[in-house]
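Subject: Structure for your review

Dear colleague,

Please find the structure below, followed by an account of what was found in it. I would be grateful if you could read the two side by side.

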Amino acid sequence: MSTPTQDQIQTVQSNLMNMIAFNDYIHSYGKDKILNAYLLLTEPDQSDPGLTVVLNVMEGAFWAIGSEGGPIGNFAASFLSGMLSYWATDTPPDLNGAFADYLSRFSTTCGEVGAQLAVYHSDVAGNWDTTFTYNGSQCSLSDLSTFNFPTEGDNLFTAMRNKALFALDQNVWTYMFVSLYVITLWEQGMDLNVGGDKNTPPVDWVQSFYQHNPAYYCTWQWHDSSGCGDESGWIITEYNIGTGAGVFTDGSLNNDSCNYIFIDSTPGAPLNANGLFTRQDVFTNLGIRQTTYDVGSAGANSGNGSGMVPIKKRQLSIAYLRAMKEGKTLGKLIEKVGRSEVEKRILEKAASDPFFAHNLSMRPRPTLEKFLEVKIPEVLDVNIIVENGRAFGMVIPKPNYLDF
């Protein structure tokens, strides 16, 4: 074991105090990031994510400063992240056991980081050769005597702080998505063909689609006609992120959350410079569980699909009963203006807005409820058929079997 000089001890202690201040800052503003995620997702913070989750979140935050601070940042990234990774197997007593919520565990972990840095501060000589390893990088406490960690007022401190908080925010949302949400493939019985030219991908169409459906992601491939009413064009496959699709809702992530997290629309088309992820990253790289919703072969309707609930087993929801009391149901609207007027409104909107027409075919019930500003009873099926070269639809009155 080597012996540090008094000047080296003072330099290390000064750097440790600056790192404690950095950790305090991450604690203070990191809590805001966690709270913001729960508020935007309208989810309650009422369970412990566990030691591993919060250690990974904080390790990622500290590791991110390495790309911003040069040699100083690289050392601090290895030092702080390495200290946390060690706790996964040699856990401090204060971090053992369960916590009431995410914020509590995060706060306690940040407090433990500050406490450990204070221990090193109190006995630099005794910990002089203590080593820390993270992602193949190794450092020791003695290395803290070779440079100066920035103070809170320095521009470098601000840059490193912003980098760490951004990474922490990304890690928090990744945890939320992986633990609470799914990516749903909308499996269509008849492919969505938007036409177009083979040499011009349907980027404009997809961007417009995202404006109407912020929680969605589309892929496309060219299709050559096989004849018999088939048409050449771009085939669109659509996915959404949310709680999962079903008869009564597509379960999409809410618009406020989409506006916060997505950097872009299609690749290279910016939406929010301060966003957390590209759309492609969310749908392909975060490890979110995937599932499929079967729309059906005759166009979407609420009586088919993997989330189908038989009519005889459906019950009226509290939301529908409340809408009945307020006079905001489909039945009340038809009583007020007549069925022909309701149908006219829908047809005119579909004729003028192709994305409304598409959503109506894929997600009829939630699309109609949003457009008409009414609730449709759960015991009522909603059937939509989009006519094309291979589909023909009609509505006939209920037969009177007593006439036979």
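Rings of Phe, Tyr and Trp (for Trp, the six-membered ring) are taken to pair if their centres lie within 6.5 Å; planes under 30 degrees apart count as stacked, over 60 as edge-to-face and the rest as tilted. By this criterion the structure holds 27 aromatic pairs.

The model is predicted, so to speak of local features pLDDT of at least 70 is needed, side-chain atom pairs count only at pLDDT 80 or more, and totals for chains, interfaces and linings use all residues. Residues are numbered from 1 along each chain as its sequence is written, and side-chain values use heavy atoms, with hydrogens and water left out.

Aromatic pairs

The rings of Phe-79 and Tyr-120 have planes at 70° and centres 6.3 Å apart, so this pair is edge-to-face. It joins distant parts of the chain, 41 residues apart: Phe-79 belongs to helix H3 (residues 70-86) and Tyr-120 to helix H4 (residues 102-122). Helices here are DSSP runs of H or I with at least four residues, strands are runs of E with at least two, and both are numbered from the N terminus. Phe-79 counts as buried at 0% relative accessibility, and Tyr-120 counts as buried at 8%; buried means under 20% relative accessible area, with a 1.4 Å probe and protein chains only.

Tyr-217 and Tyr-239 form a tilted pair, with 6.2 Å from centre to centre and 40° between the planes. This pair also links distant parts of the chain, with Tyr-217 in strand S5 (residues 216-223) and Tyr-239 in strand S6 (residues 233-242), 22 residues apart. Tyr-217 is buried, its relative accessible area being 14%.

Ring pairs also link Trp-186, Trp-205, Phe-209, Tyr-210, Tyr-216, Tyr-293 and Phe-355 into a cluster.

The chain as a whole

The protein chain has 13 helices and seven strands. Its radius of gyration, taken over C-alpha atoms, is 28 Å, whereas a compact globule of 404 residues would have a value near 22 Å; the globule rule is 2.2 Å times the number of residues to the power 0.38. Along the principal axes, the C-alpha atoms fill a box of roughly 105 × 55 × 35 Å.

Of the 404 residues, 44% are buried. Among contacts (heavy atoms within 4.5 Å) with a separation of 6 or more, 70% are between residues 24 or more positions apart.

Yours sincerely

Definitions and conventions
Buried < 20%, exposed > 50% of the residue type's maximum accessible area, 1.4 Å probe, protein only.
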